[in-house]
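Let's take a walk through this structure together, starting with the terms we need and moving on to the contacts between side chains. Keep the 3D view open as you read.

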Amino acid sequence: MNKSDEIEFRAFVRARMDRWRRAAYLLCHDWHLADDLTAVVIGKLYQNWRRVAAANNPDAYAQRMLTHSWLDERRRPWRREHPTDSPPEPSGAYADPADSGDVIELLAGLAPKQRAVIVLRFYFGQSVEETAELLGISAGTVKSQSARGLETLRSLATSPGSIG
C-alpha cells in the first residue's frame, strides 16, 4: 500500500471505528467480542483496501464485512458455550448512552439473522435493498425478517415481567 492509500485508509477507519464497535456490540452483546470483530474487519479492510476504496459504497462494504464476521463467529464451536456469571456492566469508554441495556436485552431475544436485519435497517438506517445486498439475501427475506423481528421485539417489550 502506498503512502496516499495508507492515509486514506487511516482516515476512513478513524471516522467509522466507534460506529462499527457500537454496531458489533448490538449484534453480539459483548464489548470484548465487539472489539475483536472490529479489529478483524479493520484487518480485512486493510488487506483489501484497493477494492474497498474502488467500491461504490465503502461504508456498505465495511458493514457487510462486520455483519458476516459476526455471523461467522457465531458458527464457531466455542461460541456455543455460555458463561454462568454475568460480566460487569460496561463503563467509561465502553458505555454508549444511545445503547441502553433494555435495547440490548431485547435484541438478545432475536435470532441472529433477525438481529442482523434489525441492526442494519434501524441502527445503520440501511434500505431494504441495501440490507439484502449486505447480507446476501432477497429483499423479501429482509422485509419478512424485519416484520418478524419487530413483532418479536414488541411482544418481548410488552410481556409481563418484561424490560422497562
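A residue is called buried if its relative accessible area is under 20%, exposed if it is over 50%, and partly exposed in between, using a 1.4 Å probe and protein chains only. What you see is a predicted model, in which local features need pLDDT of at least 70, side-chain atom pairs count only at pLDDT 80 or more, and totals for chains, interfaces and linings use all residues. Residues are numbered from 1 along each chain as its sequence is written, and side-chain values use heavy atoms, with hydrogens and water left out.

Let's begin with the overall picture. The chain has 8 helices and 0 strands, where helices (H or I, at least four residues) and strands (E, at least two) are DSSP runs numbered from the N terminus. Reading along the sequence gives the pattern α-α-α-α-α-α-α-α. Of the chain's 164 residues, 35% count as buried. The chain exposes about 9,800 Å², and carbon and sulfur atoms supply 51% of that area; accessible areas come from the Shrake-Rupley method with a 1.4 Å probe, and for residues only the protein chains shown count as cover. A contact means heavy atoms within 4.5 Å. Among contacts between residues at least 6 apart in sequence, 67% join residues at least 24 apart.

Now to the charged side chains. A salt bridge here is a side-chain nitrogen of Lys or Arg within 4 Å of a carboxyl oxygen of Asp or Glu. By this rule there are 4 salt bridges. One of them joins R50 and D5, at 3.4 Å from N to O.

Another salt bridge stays within a helix. The side chains of E6 and R10 meet at 3.1 Å, N to O. Both residues lie in helix α1, 4 residues apart, which is about one turn of the helix. E6 has a relative accessible area of 19%, so E6 is buried. R10, at 48% relative accessibility, counts as partly exposed.

A further salt bridge is formed by R16 and D59, whose closest N and O atoms are 2.3 Å apart. R16 lies in helix α1 and D59 in helix α4 (residues 58-74), so the pair ties together parts that are 43 residues apart in sequence. R16 is partly exposed at 23% relative accessibility, and D59 is partly exposed with a relative accessible area of 29%.

Next, look at the aromatic rings. Rings of Phe, Tyr and Trp (its six-membered ring) pair if their centres lie within 6.5 Å; planes under 30 degrees apart count as stacked, over 60 as edge-to-face and the rest as tilted. The count comes to 6 aromatic pairs by this rule. Because F9 lies in helix α1 and W49 in helix α3, the pair ties together parts that are 40 residues apart in sequence. Both F9 and W49 are buried. W49 also pairs with F12 in a tilted arrangement, at 5.2 Å centre to centre and 55° between the planes. F12 lies in helix α1 and W49 in helix α3, so this pair ties together parts that are 37 residues apart in sequence. F12 is buried, as is W49. Ring pairs link F9, F12, W20, Y46 and W49 into a cluster.

Finally, turn to S69, which sits in helix α4. S69 counts as buried because its relative accessibility is 7%. Which residues touch S69, leaving aside its neighbours within four places in sequence? They are L37, V40, V41 and K44. With K44 there is also a polar contact, side chain to side chain, at 3.5 Å. A polar contact is a pair of N or O atoms within 3.5 Å; within protein, one must be able to donate a hydrogen and the other to accept it, and residues adjacent in sequence count only if both atoms are side-chain atoms.
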